[in-house]
Amino acid sequence: MTDWQEEVSDTLAQVARNLVRKHGQQNRGILLLCSHEIGVGYDVFVGRDDRIECSAIDLIDHENVDLLLDLDHVPPMSKRWAAFALFVQNGTLSTNFVYDEDIAPDGHAFDDRDVVIASYFGNGPIVYPENRYPTPRLAPARQGGPKILLKGKLLSGGRLRRPRPASADEERKAWLIADLASTLRAETSFSPLGTLMIAVVESGYISIARFWDRGSYIACGHPDYDRYRDTLFELWAMEPLSRRWDEIHYLIRGTDVRITYLYPEDIEPDISEFGRWRDASQAAFGAKKVVYPHGHGSAQILLR
């Protein structure tokens, strides 16, 4: 065993010990799904007699995330994984690593997360806590500033609970908004602690960034334009020319949804798009470190 393999083994053993320290051994097993595609994705599931519980985040999990962040740079580049599953049961630790070549070009590790979980625990209901991590209250929009389009609750399947629209246009707009929620929640990278998508839309131009609350830090991810471009363009184009927004902030935290529109007068010209989006993510999730994918910030695309 090489030095780096020993370090990986020791680190994963410490992560497993921390999980047992938190959850004990009176369960059907503890499963950690960890993605290294963007920062560290960290989800823990505990098998109970009649259900599978997604664990709330606490200080022990923060310690594990720090260990896993450091672990990302231990293996040589040719040996680095995209994700792994760590399973602890009856004092025994097992791991299953997923590499880039194991993932479809347009997919992510653990896209079939429920299937992966069932492969360890069998079929059963997966129960998510109402609040996996204490989060700051959302600051209200300033008077005359960003417009909060909609605030509501998500129903099962990501649908948005909303009043009945008054017109066909409002019906279509509400459908587009609900479609964004469904698409965000369907992604493997989605965090129930908090997921924020920010997009700038203009004629023939769109720029998107997504941020996820990972507990002790905020992850920023590469945008997937194919999933969001058409919906965002249609939503933007439905507004009259005199009332079109420049930027949309779409925040999901648990079952709460908050959508804010920024207009030209709301955007400080001296602050870069990169800086403005970073500040928005920290305003939503707290003053935490923002981890960008391989040094990149927001990505942009010009449509032809």
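**Figure 1. N90, out in the open in a loop of the predicted model.** N90 is exposed, since its relative accessible area comes to 68%, and the model it sits in is a predicted one. You'll find N90 in the loop that links β4 (83-89) to β5 (92-98). Have a look at the backbone here: N90 is not a glycine, yet its phi is positive, at about 55°.

Figure 2. F97 belongs to strand β5. Buried or exposed, or something in between, for F97? With a relative accessibility of 24%, F97 counts as partly exposed. Setting aside residues up to four places away in sequence, F97 touches L12, W81, A83, F84 and D102.

**Figure 3. Helices α1 and α2, side by side.** Helix α1 covers residues 3-23 and helix α2 covers residues 59-71; their axes come within 10 Å and cross at roughly 170°. An angle over 145 degrees counts as roughly antiparallel, so that is how α1 runs relative to α2. On the α1 side, the residues that meet α2 are V8, T11, L12, Q14, V15, N18, L19, R21 and K22. Their partners on α2 are I60, D61, E63, N64, L67, L68 and L71. Sorted by class, the contact of α1 with α2 has eight nonpolar, four polar and four charged residues.

**Figure 4. D70, an exposed residue of helix α2.** D70 is part of helix α2. Its relative accessible area is 57%, which means that D70 counts as exposed. How far is D70 from T11, C-alpha to C-alpha? The answer is 9.3 Å in space, for two residues that are 59 apart in sequence. T11 itself is one of the α1 residues in the contact with α2.

**Figure 5. Helices α4 and α5, and what lies between them.** To picture a helix pair like this, you need two things: the angle between the axes and the distance between the axes. For α4 (residues 168-186) and α5 (residues 225-237), the angle is about 155° and the axes are 10 Å apart. The two helices are therefore roughly antiparallel, and their crossing is left-handed. From α4, the contact takes in R172, K173, L176, I177, D179, L180, T183 and L184, while α5 brings R227, Y228, T231, L232, E234 and L235. By class, that contact of α4 with α5 is made up of seven nonpolar, two polar and five charged residues.

**Figure 6. A280, tucked into helix α6.** A280 is found in helix α6, which takes in residues 273-285. It has a relative accessibility of 17%, so A280 counts as buried. Which residues does A280 contact, once its neighbours within four places in sequence are left aside? They are L196, I198 and H249. F211 is another reference point: its C-alpha atom is 9.6 Å from that of A280, though the two residues are 69 apart along the chain.

**Figure 7. Stepping back to the chain.** Six helices and 15 strands make up the count of elements in the chain. It has 304 residues, and 49% of them count as buried. Of the contacts between residues at least 6 apart in sequence, 65% join residues at least 24 apart.

Technical notes. Residues are numbered from 1 along each chain as its sequence is written. This is a predicted model: local features need pLDDT of at least 70, side-chain atom pairs count only at pLDDT 80 or more; totals for chains, interfaces and linings use all residues. Side-chain values use heavy atoms; hydrogens and water are left out. Axes are lines fitted to C-alpha atoms, for helices over the stretch in contact, and angles run from 0 to 180 degrees between N-to-C directions. Helices (H or I, at least four residues) and strands (E, at least two) are DSSP runs, numbered from the N terminus. Angles under 35 degrees count as roughly parallel, over 145 as roughly antiparallel, 65 to 115 as roughly perpendicular and the rest as oblique. A crossing is left-handed if the near helix is turned anticlockwise from the far one by less than a right angle, and right-handed if clockwise. Contact means heavy atoms within 4.5 Å. Ala, Val, Leu, Ile, Met, Phe, Trp, Tyr, Cys and Pro count as nonpolar, Asp, Glu, Lys and Arg as charged, and the others, Gly among them, as polar. Buried means under 20% relative accessible area, exposed over 50%, partly exposed in between (1.4 Å probe, protein chains only).
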